[in-house]
Amino acid sequence: MKFSVWARLLAVLSIFLLTGPLLLAQSIPANLRHGAYTWQAKRARLPISAADAQLPAVVVRDFTAHEYLFDEKGENLQIYSTEHRIVRVNSADAIERFNKIYIPVQDGGQLLSIKARTISPRGEMVEVNQSNIKELQDDDGDRRYKIFAVEGVEKGSEIEYVYTRSRPMRLYGRDYLQSETPARDVTFELITPEALRFDVRIYHGPKAERDTVVQGKRVTRLHLDKVAPVREEAFANVQAEQMRVEYKLAYNQARGNARLFTWTDASQYLYENIYSLSKDDNKAVDKLLKQVSVPAGATPEAKIQAVEQYVKGNFNLDPSADGSVAQSISTRNASESVFTKLFAALFTRLGVEHELGFTTGRDQAVFDETFDTWNYLDNAIFYFPGPKQWLAPARPDYRYGMIPAEWTANQGLFIRTVKLGSTTSAVGKVRAIPTLTAAQSSNDLDVKVKFAPALDKTTVDIRQVFGGYNAQAIQPYYAFIPEDKRTEAMQELVKANVKDATFKSLKVTNGERGLSPLSKPFIVDATVESGALLDRAGPRYLFRIGELIGPQSELYQTEERQFDVENDFNRSYHRVITFELPAGYQVRNLQDLKADVQAGSDAKAPVYYFRSGYQQQGQQVTVTIDEVYDQIRWPKKDFEAYRNVINAAANFNKVVLVLEKKS
């Protein structure tokens with residue numbers, strides 16, 4: 001999980017399960033249910049249907065088993081995962097995709113055994129040499145992978161591998177059972193000691209079978225003959241829509257029938273972890289508070305913003321930083337959890353009413369209140385009941401009032417401090433996390449076009465105003481761009497609207513560090529010349545006015561829609577384009593500028609719409625375009641209505657006005 005407090009959670013498991021250190025296994029235990037699992041030594045390729053033979057690739061066997069197993073002394077619990085996959089590759093692209101195999105070895109885990117081989121269409125078997133298996137680390141060092149290449153693969157070959165790895169115990173887990181490759185013979189098993197009962201929930205798929213006890217072990221199993229593929233799809237969180245299994249430890253029958261690791265338990269644990277500081281930590285926070293510039297008599301919002309500006313402006317986010325608050329204050333390098341502790345301590349000292357929350361990104365999995373897996377508690381948030389605003393403590397790129405869009409339109413667990421006399425405790429509640437309105441994430445465009453007297457080029461004054469999430473991809477990072485590269489970066493931004501722009505001037509407003517795009521939008525002003533917006537066609541001229549709104553998404557797919565629409569965030573676009581017609585000229589097709597496409601149950605207040613029109617006064621024409629998306633989710637059964645709005649913008653992008661002499 002992203003939030004580092006979970007790495008220390010194992011230290012408290014003795015309350016519920018066991019005592020003693022967690023040790024890595026050096027070999028596969030003999031009493032592991034699938035300890036002797038291996039492939040069939042000699043076999044022909046597995047049969048597939050004629051239809052599957054036409055696919056680029058198909059997984060013909062996918063077996064996964066996770067077993068929680070005590071050591072011989074019954075003290076230490078490990079997870080042993082055995083996975084077996086066989087992939088038939090039928091195309092060159094599939095060979096390129098599957099001939100390198102990555103196996104995660106993380107969380108202090110160990111790879112205990114691995115075998116890989118290919119079986120050619122002629123039945124020839126070639127096993128991968130163990131010496132060719134290498135180890136890699138990702139950029140932040142958090143994950144290790146074993147990687148090996150499978151050589152000599154040809155069309156029609158099977159790529160097969162089977163491995164077993166161990167990891168320290170986790171209370172919860174998640175496996176995706178679906179990918180972009182169709183799969184056959186898919187099996188998932190969760191195996192635990194008989195006394196430990198896990199709850200298992202399947203999303204976007206059938207229910208898992210009821211657990212059964214086999215030879216003193218509790219087994220939960222899911223088998224699927226076929227799993228359909230998923231494909232990338234615009235305006236959808238495909239990963240969150242994939243079939244997946246979530247599981248969590250729910251009961252230890254040796255301790256009774258009380259449910260374990262509930263939202264209430266999580267609230268108490270997180271409260272203690274974040275708000276309980278050592279003597280040295282408290283001293284360091286008291287000194288830090290004196291350095292935070294909080295005006296006398298400041299409002300709660302002013303206090304919040306002062307704390308945020310100081311902490312995010314003076315501390316570096318470092319996942320590997322020491323876990324001590326005092327040490328982090330000294331070095332000014334802090335992990336995500338220490339960032340959260342700093343904010344909590346400072347808000348408490350300043351008397352700022354707040355709630356500490358945790359959620360997951362809905363781009364990976366939507367928070368489900370009905371299934372209390374702590375797997376959803378990835379990202380820390382503060383909620384302020386007074387102003388009803390939000391803050392992401394460990395995200396230096398966000399400011400008060402905004403948190404990452406994928407955390408919104410979601411739910412989270414929020415923890416409120418409660419005092420009973422001299423006793424302080426915590427109460428947790430799952431609440432909705434709303435997203436910003438379309439008006440708060442605007443992208444406005446004001447364009448003035450002047451035609452040269454010879455009608456061989458145009459001069460364009462363009463102002464782009466980015467607010468809310470539309471600014472978030474630019475504004476927090478602008479100040480970190482080397483000065484000699486900033487102009488180039490902003491010119492590329494303008495060229496999205498005027499492809500061949502020759503720049504006469506360029507100015508950026510609100511590019512300083514630490515600004516909120518909700519109150520200080522990011523603004524780019526430019527004056528450019530273009531020869532590509534105007535073309536001559538005999539006695540007429542073609543004015544490519546549609547290109548001035550920039551490239552637009554298109555939804556002209558012919559395949560049936562897989563998923564409901566899900567936007568990253570609500571957004572709005574207000575565009576005004578003004579141009580002066582040359583003397584003696586008129587526009588032949590001004591009506592092409594008019595559009596009115598909308599979607600929503602209320603025709604008077606649609607949630608999505610694209611509207612464009614124009615006014616002409618003498619030779620001056622003013623075009624106004626409003627495009628709004630003010631609802632995150634939209635059902636796929638009404639996909640056409642949404643697609644029509646998206647395509648209306650794409651269609652406007654293609655509008656070309658015909659200028660001709662007046663008769």
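Predicted model: local features only at pLDDT ≥ 70, side-chain atom pairs only at ≥ 80, totals over all residues.

**Entry: the negative patch.** I looked for negative charge on the surface and found a patch where Glu483, Asp484, Glu488 and Glu492 gather. Glu492 has a relative accessible area of 49%. Exposed would need over 50%, so I noted Glu492 as partly exposed.

Entry: I checked Lys287, which sits in helix H5, residues 279-291. Its relative accessible area is 59%, so I wrote Lys287 down as exposed.

**Entry: positive phi at two phenylalanines.** I then went through backbone angles. Phe235 is not a glycine, yet its phi is positive, near 55°. I found Phe235 in the loop that runs between strand E13 (217-227) and helix H3 (238-241). Is Phe235 buried or exposed? With a relative accessible area of 19%, Phe235 is buried; the cut-off for buried is under 20%.

Phe261 also went into the notebook, with a positive phi of about 55° in a residue that is not a glycine. Phe261 belongs to the loop between strand E14 (244-252) and helix H4 (263-275). I read a relative accessible area of 3% for Phe261, so it is buried.

**Entry: Thr360.** I followed the chain to the loop between strand E17 (355-359) and strand E18 (379-384), where Thr360 lies. Thr360 is buried because its relative accessible area is 0%. What does Thr360 touch, leaving aside neighbours within four places in sequence? I listed Ala365, Val366, Phe367, Tyr376, Asp378, Asn379, Glu406, Trp407 and Asn410 as its contacts. I also looked up a C-alpha separation here: Thr360 and Asn375 are 15 residues apart along the chain, and their C-alpha atoms are separated by 8.0 Å.

**Entry: Gln562.** My last stop was the loop between strand E27 (540-543) and strand E28 (565-566), which holds Gln562. Gln562 has 16% relative accessibility, so I counted it as buried. Not counting residues up to four places away in sequence, I found Gln562 touching Pro229, Val230, Arg231, Glu233 and Lys636.

Note on methods
Residues numbered from 1 in each chain as written. Heavy atoms only, no water. Patch = residues over 30% accessible without salt bridge, like charges linked within 9 Å, V, L, I, M, F, W, Y side chains within 5 Å. Areas by Shrake-Rupley, 256 points an atom, 1.4 Å probe, with all protein chains shown as cover. Salt bridge = Lys/Arg side-chain N within 4 Å of Asp/Glu carboxyl O. Lys, Arg positive; Asp, Glu negative; His and termini not counted. Charge placed at Lys NZ, Arg CZ, Asp CG, Glu CD. Buried < 20%, exposed > 50% of the residue type's maximum accessible area, 1.4 Å probe, protein only. Helix = DSSP H or I, 4+ residues; strand = E, 2+ residues; numbered from the N terminus. Contact = heavy atoms within 4.5 Å.
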